[in-house]
Amino acid sequence: MKLFVQLFLLVVLLGNCNYELDSIHPPNNLIPQDTFTEVLKDAMLLESQVKAKNSNVQTFYQSMPSSVNVIFEKYEIDSTRFNSSMRYYSSKQNLMSEIYTAIQAEVEKEAAHLQEKEEEYEVVGGSEASSN
């Protein structure tokens with residue numbers, strides 16, 4: 001009988017488990033995935049820049065909210081809309097994976113472009129220095 005009660009409680013507990021991630025519906029003001037990808041990329045780049053400038057954690061946390069407002073203004077969104085979209089996309093692992101993959105590809109593309117520009121500059125600068 002004790003085993004039956006334990007099994008019954010186990011079935012009831014497992015049956016009542018509800019994964020909140022599955023129950024999140026798209027908000028009415030959902031930021032489209034392509035735009036959200038750009039917003040998130042800009043926010044991540046901004047965060048990196050702010051972290052590089054502010055080694056003090058307290059200063060970082062104080063400056064980030066006002067810094068990210070520039071991004072929100074650029075895309076004409078607010079923090080509430082961003083947060084509800086983030087909550088939705090975060091609940092969809094496949095979508096979030098696509099978003100982060102797209103961000104990584106774009107950042108790598110931009111980094112390669114900057115590397116090419118730097119190499120061009122070195123070649124131009126180097127040839128001018130050697131001709132003087």
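Where does Thr 37 lie? Thr 37 is located in helix 2, helices being DSSP runs of H or I with at least four residues, numbered from the N terminus. This is a predicted model, in which local features need pLDDT of at least 70 and side-chain atom pairs count only at pLDDT 80 or more, while totals for chains, interfaces and linings use all residues. Residues are numbered from 1 along each chain as its sequence is written, and side-chain values use heavy atoms, with hydrogens and water left out.

**Thr 37**
- Thr 37 counts as buried at 9% relative accessibility; buried means under 20% relative accessible area, exposed over 50%, and partly exposed in between, with a 1.4 Å probe and protein chains only.
- Apart from neighbours within four places in sequence, Thr 37 is in contact with Ile 99, Ala 102 and Ile 103, where contact means heavy atoms within 4.5 Å.

**Helix 2 and helix 3**
- Helix 2 (residues 33–53) packs against helix 3 (residues 57–75) at an angle of about 150°, with axes 10 Å apart; axes are lines fitted to C-alpha atoms over the stretch in contact, and angles run from 0 to 180 degrees between N-to-C directions.
- Helix 2 is therefore roughly antiparallel to helix 3, a term for angles over 145 degrees.

**Glu 76**
- Glu 76 is found in the loop between helix 3 and helix 4 (79–91).
- Although not a glycine, Glu 76 has a positive phi of about 55°.
- Glu 76 is exposed, with a relative accessible area of 70%.

Methods. Helices (H or I, at least four residues) and strands (E, at least two) are DSSP runs, numbered from the N terminus. Angles under 35 degrees count as roughly parallel, over 145 as roughly antiparallel, 65 to 115 as roughly perpendicular and the rest as oblique.
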